[in-house]
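Trainee: Could you show me how to read helix packing and a chain contact in a model like this one?

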Amino acid sequence: MSESFTKGMARNIYYGGSVFFFLIFLALTFHTVKEMPKRDNRENITEAVANGKHLWEKNNCIGCHTLIGEGAYFAPELMNVYNRRGGEAGFKPFLNGWMNAQPLNIPGRRQMPQFNLTDQEIDDLAEFLKWTSELDTNNWPPNIEG
Amino acid sequence: MNTLKYQSQAVAKPYFIFAMILFVGQILFGLLMGMQYVVGDFLGGLIPFNVARMVHTNLLIVWLLFGFMGAAYYMIPEESETELYSPKLAIALFWIFAAAGVLTILGYLLVPYSTLADITFNELWPTMGREFLEQPTITKIGIVVVALGFLFNIGMTILKGRKTAINMVMMTGLIGLAVFFLFSFYNPTNLALDKYFWWFVVHLWVEGVWELIMGAILAYILIKVTGVDREVIEKWLYVIIAMALISGILGTGHHFYWLMVPEYWQWVGSIFSALEPLPFFAMVLYAFNMVNRRRREHPNKAATLWALGTAVMAFLGAGVWGFLHTLSFVNYYTHGTQITAAHGHMAFYGAYAMIVMTIISYAMPKLRGIGEANCNKAQVVEMWGFWLMTVAMVFITLFLTGAGILQVWLQRIPESGEALSFMATQDKLEIFYWLREIAGVFFLLGLISYLTSFFITEKKTA
């Protein structure tokens, strides 16, 4: 590096640049948070949805599944599982049956544990996954398989 | 023989040793998960995949934190030209952090996660069950307490001593690490907000302040092993971390593409994250440049190898493999596939695991009273460890990339109705997962070789 470019100049670029771009990041964050209600349907977050999210966390579902593409990549994406598995008519009975059938004990198949949820809890989880299926995620995922 | 410049640097030793122990655990659980990828029910009743993954990732984070703290305790007194403010506090915090870490991991392994949530009163302040932030709230509080004590200790050391660019950058990085961790306590009911601010911990750590820590450690090592003028090395350090933050802060946007946010993040994230490889490329140029211009032949060849290796592997893993899927129109198809896993593995190994092993390689012979360097035989075995682990990680990354490309092709690109389901796709990826697991075994062999090198001492000739 050229001698005329000094350590002091490099330091100033570091401090100045970081602060400048961090302030832009904060401004964009402020704007994003303000815009979020248009996309997250927060008016539909019922007590059941809130409890469903809590159950989702309490059983570490993210340890195998992804939710909007984030999580582990061991088991299917679940933000749109509501649409994939029956929707309005069929999802709730499907989920109840599915949760109660675990573990499937098919030799060699990836194994989902039995979480011992009550019918009410499975219903809340279903409400949470219904809510996630309606989020505006800029058109992601590309298809129903997630 | 006493080879330390400042006696209080010795507190780094338990931190490094414990980091290595946790590293072994991380790799064993990684191999277990690799098996579960191909033999789905392998030990599934005993250790379900989600538990193994939590242990694998949390051990990684914690051993890197131990490594960073050890690095700080080793470097800061020497940089500040004064003894550590309180070695007693450093040792006390070591035991607190180690106990909290071990208890948390045992909690993951011994009781169902929901039980762990109950017995740690997660209801009072729910923060658990989010990727990488699975620790009980009480553990998170413990991490904050340890971090505050640690920052106080090294902060006071710097205040009473010399302030170099290296210890200022290290300090800024560590303060940033502690500050951004506070977002782990924010877990709103609204998933849109939850996910957005979750990245304030995850991204601003690994693509932000951790790069400052890495840069500072690398600069310190380069000064020591090459004897190149501090002014030159510190100038490079500032340029590199300036590039890292200028690209990386707004680069956070590449995680927001598919969250409930305005479309402009697609542009902001794509443009700035496309620049994120630059600081890593500069790091490669700088490391090789400094070693070529060396003014001394440092006897610790292994440490120099690690320093060059971490620059190259961070560039490939974080830089190149990050760029592969960072543009929003590519990420639309690759988001949450094995491509992400491929990138994650090489980036974490290259940038962070290797920088910690760099400082350990340099500092351990001194901490153990051996001298400037281990004997030649020990260094050769250590370098075997370097090459085995590094080449194995390259193969792990290539196999996961192969799996990821096929997964995108089968599951993501076709229209609904024609695309293969997730589970059906996974069956098609089996060969890649087997090869990855074999590469993982070689990684373990490399780790064993690396650890063996610590026990090789020169035979005394009478």
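This is a predicted model: local features need pLDDT of at least 70, side-chain atom pairs count only at pLDDT 80 or more; totals for chains, interfaces and linings use all residues.

Trainee: At what angle do helix 8 and helix 10 of chain B pack?

Mentor: Helices here are DSSP runs (H or I, at least four residues), numbered from the N terminus. Axes are lines fitted to C-alpha atoms over the stretch in contact, and angles run from 0 to 180 degrees between N-to-C directions. Helix 8 (residues 230-251) and helix 10 (residues 277-292) of chain B pack at about 165°, with axes 8 Å apart. The two helices of chain B are therefore roughly antiparallel (over 145 degrees).

Trainee: Which residues of helix 8 and helix 10 of chain B meet?

Mentor: Contact means C-beta atoms, placed from the backbone, within 7 Å. Among them, B:Ile233, B:Trp236 and B:Met243 are on helix 8 of chain B, and B:Leu278 and B:Tyr286 are on helix 10 of chain B.

Trainee: How many residues does each chain give to the contact between chains?

Mentor: Chain B gives 65 residues and chain A gives 58. On the side of chain B that touches chain A, helix 8 of chain B gives the most, with twelve residues.

Technical notes: Residues are numbered from 1 along each chain as its sequence is written. Chains are lettered from A and ligands numbered from 1 in the order in which they are written. Angles under 35 degrees count as roughly parallel, over 145 as roughly antiparallel, 65 to 115 as roughly perpendicular and the rest as oblique. Two residues are in contact if their C-beta atoms, placed from the backbone, lie within 7 Å.
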